[in-house]
Amino acid sequence: MIDPRFDPQFAAGEGGGLFPPAASTAGQTVDWVAAIVFAIITLVVLAVLIMMVTYAARYRISDRRRRGEPHRNVRRIEVAMVTGTTVVFVGFFVLGVYGFDRAQHPPTAAGALDVLVLGKQWMWKFQQPTGRREVGQLHVPVGRVVRLHLSSEDVIHSFYVPAFRLKHDVVPGLDGVAWFEATAPGVYPIYCAEYCGLEHAQMHGEVIVMEPRLYEAWLAEASGVDEPGPMVARGRALYERLGCVACHETHLRHRAPPLQGLYGRRAILQSGEEVPVDDAYLRRSILRPSAQIVAGYDDHVMPAYEGLITDDELFALVAYLRELGRAEGVHR
Ligand code: CUA
């Protein structure tokens, strides 16, 4: 039995259907780029078809027109065609890079909502910053940046919300960050876009975009399920339990970089490379610290936590580091 909400025809008015209207800020950019590319390609296809038909009629076998003489201005036509095509394709590329870059780098500004997304055969599980858990449904406020921290508990999945023009692979052992800012309240289907086993097609859910006031009310009500409590508090407890404090406190900064005021800035690595300090960087640095050693510090001081902490714990830890990183700090 198919849930009527996921029937394309039924869902057409609710962010479903083959061409759901864009309901996120990035979605509007994606649509705009797609429309330009589609318009230019349509013009080219039409021009080619019209020329084919025209020339087929004009130089038909019964026609006595003279043919076989080389055109005089071939060079000029060739240069124009090659230049035109190059300019158009470089234009496509620039538009694509612009959108891709925006999609790949979630805003690090304060006020964003950080949600943990776990893919599992065959369901989507979510966890709000307050610790509130959901399965198959994700409640978010309209007009606020939502950062998704995606991880898988088993195989490769892909988190897909057509109305937000958002698709991100969810790979075990890899830490993905995606983001969106919904522009209209409503219910928007989530799909899994990577074949992940027998019930792949049933691995769906919905994003419920609410007015901020209603969202706060929803968040405050008890869900009735066992919840671990606010992420930041859990993160702080872990930070202390794992002994991070021993090396990362300011007075010990010769052993490890201080973390206050770090989030949203740039770290300079031993290789001379500069990387943005965002969620992905923090996760990488906890799981595999040797991969990116900050200039001025030794490798092999910090243990790699890959396999030692759960996705859940990593998420809480990053939530705390984000708070710590926004605090007044030593970085200028
Ligand atoms: Cu999960 Cu397909």
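Strand β6 and strand β7 (residues 166-170) pair in the antiparallel sense over five bridges; two strands count as paired if DSSP finds at least two bridges between them. Helices (H or I, at least four residues) and strands (E, at least two) are DSSP runs, numbered from the N terminus. The model is predicted, so local features need pLDDT of at least 70 and side-chain atom pairs count only at pLDDT 80 or more, whereas totals for chains, interfaces and linings use all residues. Residues are numbered from 1 along each chain as its sequence is written, and side-chain values use heavy atoms, with hydrogens and water left out.

**Confidence**
- The chain has a mean pLDDT (the predictor's confidence in each residue, from 0 to 100) of 82, and 89% of its residues reach 70 or more.
- Among the elements of the chain, the highest mean pLDDT, 94, belongs to β6 (residues 157-161), and the lowest, 78, to helix α5 (residues 245-248).

- Because four of its five residues are buried, β6 is largely enclosed by the rest of the structure; buried means under 20% relative accessible area (1.4 Å probe, protein chains only).
- Val-161 has Leu-166 of β7 as its bridge partner.
- Four residues separate β6 and β7 in a hairpin, and Arg-165 in the turn has a positive phi of about 55 degrees.
- β6 also pairs with strand β9 (residues 186-192) in the antiparallel sense, over two bridges, and Phe-159 stands opposite Cys-192 in β9.

**Helix α6**
- Eight of the nine residues of α6 (residues 279-287) are buried, including Tyr-281 and Ile-286.
- At the start of α6, the backbone nitrogen of Tyr-281 lies within 3.0 Å of a side-chain oxygen of Asp-278.

Conventions:
Buried < 20%, exposed > 50% of the residue type's maximum accessible area, 1.4 Å probe, protein only. Polar contact = N/O pair within 3.5 Å; in protein donor to acceptor, adjacent residues only side chain to side chain.
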